[in-house]
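I'd like to walk you through a structure, so let me get it up on the screen.

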Amino acid sequence: MALPPVTNLLAFEAVARRRSFALASAELHLTPSAISHQVARLEAQLNVRLFERSAHGVRLSAAGERYLARVGGALSAITAATDDLRQGVSNSLYVHSAPSIASLWLMPRLADFARRHPGIALTLSASATHSDFASGQVDIDIRYGVPNWPHLHVQPVFEERIQPLASPAFIEQHGIEAPEDLLRVPLIQSVVNVVQWGDWFRSRRVQFTPGQFAYSFDRTAMALDAAVQGLGVAFDSSSIAAGHLRDGRLRKVFDERSCLKVQAHFLVCPQRHLQRDEVASFFEWMREHAVEPEAAAASRGATAPSFA
């Protein structure tokens, strides 16, 4: 019998591991329909049902369990062999990143990386979906979220200060001086943030009833752009917004005592990737830039009002 296409095997392995066609599709950057078709083609070629499908989801059949035990090991061996071979390619580095930190924080600093490491050919891609290291393509993933990624090396990028941010003109126009003043102005929601407006109002002991936000976005970059345009007050990371703050397009509405501190961006990779000089160099370069003084991101506007 001819070997099944590798794409079909990867789809099968991802669904089997995730117990979900939707999660497998996100991992492999394909539609659920494409994943379903690949698994169906594999089942047709093998003439055996690999999954039991029900209203509660999918689970491996007995034949699927046996097949996974054999195929999973083979795919892992191929991945390890690919990594070993790529270690011999001394000038390649593939970094995948969450979108907003890639465009607003990483891109403005890449010229320094290129200057310090001229021999490294860097490929950078960005999407909200975490990379699948089993594919053997990505060296490093810069992820946003709660760090629950077992069997991977995880390193925080920086401690972020999440706080209200708005254009200087908006702050002056609405006379914002205290947290309670934000209850009467348009608020911008970044729906993917690990902390939200409700968390901030509770930290300031202000009664806040979540309702219809003036604007909601699923990307920090869009939420910050809306604030720059004077559409309202964003609640986001002053580290990611450093360029807007430095250029005076945004200003911190209050002083640093108003912020919530979180660690939500992480450098992630398999432990074996750290053996590559290119990966180790990128980790070290990121560590150096992550400790940039907060003053470097301060706005040129007037000092933000303080409150106890």
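Predicted model: local features only at pLDDT ≥ 70, side-chain atom pairs only at ≥ 80, totals over all residues.

The protein has 308 residues, and 47% of them are buried. In terms of secondary structure, you're looking at eleven helices and 13 strands. If you take the contacts with a separation of 6 or more, 77% of them come from residues 24 or more positions apart.

The largest nonpolar core has 28 residues, and the ones touching the most other members are Leu 93, Leu 106, Ile 140, Ile 142, Leu 267, Phe 282 and Met 286. Which elements each supply at least two residues of this core? Those are strands S3 (92-97), S5 (140-144) and S13 (265-269), along with helices H5 (99-106), H6 (110-116) and H11 (277-290). H11 gives the most, with six residues.

Have a look at Phe 282, if you can find it. Leaving aside neighbours within four places in sequence, Phe 282 is in contact with Leu 93, Val 95, Leu 106, Phe 113, Ile 140, Ile 142 and Leu 267. Apart from that core there's another one, of 22 residues, including Leu 182, Phe 201, Phe 208 and Val 233.

How much space lies in the largest pocket? About 850 Å³. It is lined by 27 residues, and the closest to the centre are Arg 17, Glu 27, Asp 132, Phe 133 and Ala 134. Helices H1 (6-18), H2 (21-28) and H4 (62-86) each bring at least two residues to that lining. By class, the lining has 13 nonpolar residues, seven polar and seven charged.

Is Ser 237 buried or exposed? Ser 237 is buried, because its relative accessible area is 2% and the cut-off for buried is under 20%. Ser 237 is found in strand S10, residues 233-237. Beyond its neighbours within four places in sequence, Ser 237 is in contact with Glu 160, Arg 161, Ile 162 and Leu 165. Take Glu 160: Ser 237 is 77 residues away from it in sequence, but C-alpha to C-alpha they are 6.0 Å apart.

The other one is Gln 189, in strand S8, residues 187-190. With a relative accessible area of 17%, Gln 189 also counts as buried. Setting aside neighbours within four places, its contacts are Gln 196, Phe 213, Tyr 215, Ser 216 and Phe 217.

Last stop, a couple of loops. Asn 47 has a positive phi of about 60°, although it is not a glycine. Where is Asn 47 found? In the loop between helix H3 (32-46) and strand S1 (51-54).

Arg 205 lies in the loop between helix H8 (197-203) and strand S9 (215-217). Arg 205 is exposed, with a relative accessible area of 77%.

That's my tour, so over to you.

Conventions:
Residues numbered from 1 in each chain as written. Heavy atoms only, no water. Core = buried A, V, L, I, M, F, W, Y, C linked by side-chain atoms within 4.5 Å. Buried < 20%, exposed > 50% of the residue type's maximum accessible area, 1.4 Å probe, protein only. Helix = DSSP H or I, 4+ residues; strand = E, 2+ residues; numbered from the N terminus. Contact = heavy atoms within 4.5 Å. 1 Å grid on protein atoms, 1.4 Å probe; cavity = no way out; pocket = protein on both sides within 12 Å on 5 of 7 lines; lining within 4 Å. Points joined across faces, edges and corners; volume = space filled by probe spheres on them. Nonpolar A, V, L, I, M, F, W, Y, C, P; charged D, E, K, R; others polar.
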